[in-house]
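Have the viewer open and follow along point by point.

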Amino acid sequence: MIKASSTVQTGNIGELAVGYQFTKLNWHVAHNPSGEVGTDVFLQPRTATGIDSGALIVGQVKNGDSWFDHPEFDSDGKLVGWWFRDPDSEHLKYWLEYSVPVILFFHDESTEKSYWVHVTQDSVKSTGKGAKILVPLDSTVDKHHIGDILEIATKGRINSQWEGTAWGSAEILSTDRYRYAMLTPRLVAPHPNSPVTKLEPHEAIALLIKMRLRHLTPRTAVDGPAKSTKDPAPDLAECRSSTTWGWRFYAAAHDILGGDANIGALEKLVKDAKAPSERAAAAVLACALSVEDGNPQGGLDVVDGALTHSDYSDVDRAWLLLHRGRCLAELGDLANARLCAVDVQKIRNVAVDDPTAMAITGSGIDLIFRLNPWSTDSKEVIGVEEVIKGRDTLASWWSRQEVADGLEIQFTDQFQVWVGNSEGPELDPTSLRLRSAALLSGIAADHSSWRRSHTLLAQYTLMNDSSAEEIAKSLAALRHAGEHKLIEDTVRHLLRVGPAIAVRAAAGVVRLERGTRTSLHADLQMISSASDVLETDWADTHARWILASLNDTGDLATRLQPTFSLEHALLKVLSNLVSVISAPVLREVIEHIKESPQQGDIGSSYDWASVVENVPISEWTSDDRTAVAVRSKDGPALKEAFDRILAKHDPAHRETIRKRIEEGNLSALSAFGDVRDLDDDIAKGVIEKLSSATVQRISDLKSGSFAMGVKDFASDLVTLNVWYPQLASWDSISDLLTTELPFVSDLQGVLARIAILGKKIPPEVVDVIAGPLHDLMVALPSEGPSFSDEDVRGSAAAALAAVRPDAISDEELWDLMRGNVYQRAAAVEVVSGKKSANRYDVLVAMSRDMDPWVRAVIARQIAREKPVGGDINRANLLRRLLANEGTLVARMVASTINSSPPDEGTDKVVGMLRGNFSAGVRRAIAAYDAKRNPE
């Protein structure tokens, strides 16, 4: 009998134990045959679905207690690992020179744990003649560290070099073709200058994603002879009924991207697909387009349905998972969205030569970072450097190139227009390039890039004389991309210049309850900015949703984790809606205000005050006033708003406000109401305090004290001076107008008040202020350092036109006419104020001004002078100005109605306004009708 070697037996146990641990982790283990020198096992990584990664690691296993005889401790006496000592460096040198990575394992039979270290130059330490390497205590063979071992296996790979690849030259397996066509179409689509006699479905898809529509349009006889005997462009009708799944997929995608079809056909193709790669491609496109349309729930449903199958390649599965994560993030399930994005990272090391896989993992890194950029969880910390590296992929570069090419084309086209060559191509190449960029980033689930490219496309469409329908779609695109500031600016502009009907259409499809993490802020801004043109039913729906959300903002905040103040945004919208909603819903708003907690916070008090101030005072009942009168802990802004309501109907309360004013509380002036009701003694005291406050403000500004948010006492002083001329104090106003100030914004309120009340300012005061107003009108804006770039020349001209229009010479008037929009508007005031015989001829010429504000000021001037109906030319000019597709001109004219007596001339103005869908205009007409026909 022969006795077995205990050393060999111990070694076998260690090798088998380590092999078993890796087998449980789904790796393939191959033991080195007898005769091996220095290595024990070959380890080959496999994916979760069993696909071999093509990578390899060699392992050397050491088993037995003796290998743990050389521990290492830290400064606190805590064990950190064990040293492997190699007296003559023979083993470590051999492992370092091995052609594949080598890992040294220490196996502990007593605990059934295996510890490991990657043998590298950095980890090996010299001991003089020999060498040693530390096997760390915290490096164990288990699911928590398998990713680190996988990275070692794949890190040394040579990635495929795609830079410089010719168009459509990539040799791509059939199982990957649709993914490549949709994520890296450059590698699939034929070169634009290459003759093509036949297209395969995946090539047509690549051309479509690239938006090369010219190459996808069949030639007709009028196009002239084809370059080849066979026209390669597919016939859509044939594709729709084709027995080949790929052609039906192409037709469905073309119908959606090139027309108005919905994604239903794509959802059907997901179910009809036979190959897993086809199913994944159709599901991804349907999901990406659903998110693009503001419907992430629909996209999630499609992807979840596709993920019930388990036959995908690892990259296709990761592609679907990434889109699932994107949809979950938009719907507010951030934890599961993050898990999807983390799971996607597994393919980073097993598909390094696949540019689509790199695109997917790069988008996943961005998603992890966006969801929690400051996470302290060590497993998910993604730094900015990692995000930049992870997103720097060929697919993202090619996507950005589409944007760059599109903007370059736009720049070139604009230059051609500038030099007088305005003829452009039949298909807009800039629009197509930007659309392609949006598609590529959306299909890659690269949400950050998608938002940028989608926004650029919307902006480009808005600037290019688009139809009302296209403008409404572009506004929707800006909402879906979360561009709340662009929504605010764009809607304001469209309501000024038109078409306002596009704003109404765009706002009419907003469903606040469907707002996503990206879109909610922009959705709210859309309703807020468009409130004046909303239909009452929709305004009611939005107001009720906001009231319900205000009752419990926690649920919405927890779900979507908004990066803005949710309560502030909701109240901003509600403030604008109260002027549009129906009487029953307005009653609900008032009840909500009465029952809401008292708002001691200054910001909340201000936000709630803006809502209260927009509710007509006539709507507050006696019970309402009783309820708000006992609220003592609200902030100053909300208290003032309630004071105005109480003072209107309660003489006793108004008397308390009068006493506060008498005691020197200047803030109480706004709540008092008509200041003409003040006693002379009180008015005198108020004027003295306002004058003193104005002098102090001038002193502060001259000394460099730039406190912001200071109340505009000077404007109030102008008002009191006008209504109490015998008590007036104009010296501080004169000083303010003649002092060189660092903030011209301090003059804007005073100038505007003078422009409004100028006709009532005494001549002797006009003699004093006319000169300073003239100097401000002609002075060049300061070029020195300033926190504001405001230009008061137009405001000063309007004020001067109100008090002494003849002080403005014809040359100065011409300068105003060539100035900025506010100077040109002031020129209208000057022309009207001069009362010259040809002033209407001048106004007719000025009515061609490109800016609607100037045209609105002209319309207001014409409407102010009665009777409009008696002068056919004036009436025609007013009618032409009101034909503007915006609402600004109509709102400006409507502002003159209630200051005019009910007569035939005003009736004609009102008749021109009827039918306008501005809520402000409709309210003005209703108030005039009530005055014209009292019950």
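1. Let's start with Glu662, which you'll find in helix α29, covering residues 651-662. Keep in mind that this is a predicted model. With a relative accessible area of 53%, Glu662 is exposed, because anything over 50% counts as such.

2. Now look at what sits around that residue on the surface. Glu662 belongs to a patch of negative charge, where it gathers with Glu663, Asp679, Asp680 and Asp681.

3. Phe415 lies in helix α15 (residues 394-418). That Phe415 is partly exposed follows from its relative accessible area of 43%, since the class runs between the 20% and 50% cut-offs.

4. Helix α16 (residues 429-443) is another one to check.

5. How is α16 placed relative to the rest of the structure? It is largely enclosed, because 12 of its 15 residues are buried. Among the buried ones are Leu432, Leu434, Leu439, Leu440 and Ile443, and Arg435 is on that list too.

6. Last stop: the loop between α26 (602-614) and α27 (622-629), where Glu619 lies. At 32% relative accessibility, Glu619 counts as partly exposed. Glu619 and Ile590 are 29 residues apart in sequence, with 8.6 Å between their C-alpha atoms in space.

Definitions and conventions. Residues numbered from 1 in each chain as written. Predicted model: local features only at pLDDT ≥ 70, side-chain atom pairs only at ≥ 80, totals over all residues. Heavy atoms only, no water. Patch = residues over 30% accessible without salt bridge, like charges linked within 9 Å, V, L, I, M, F, W, Y side chains within 5 Å. Areas by Shrake-Rupley, 256 points an atom, 1.4 Å probe, with all protein chains shown as cover. Salt bridge = Lys/Arg side-chain N within 4 Å of Asp/Glu carboxyl O. Lys, Arg positive; Asp, Glu negative; His and termini not counted. Charge placed at Lys NZ, Arg CZ, Asp CG, Glu CD. Helix = DSSP H or I, 4+ residues; strand = E, 2+ residues; numbered from the N terminus. Buried < 20%, exposed > 50% of the residue type's maximum accessible area, 1.4 Å probe, protein only.
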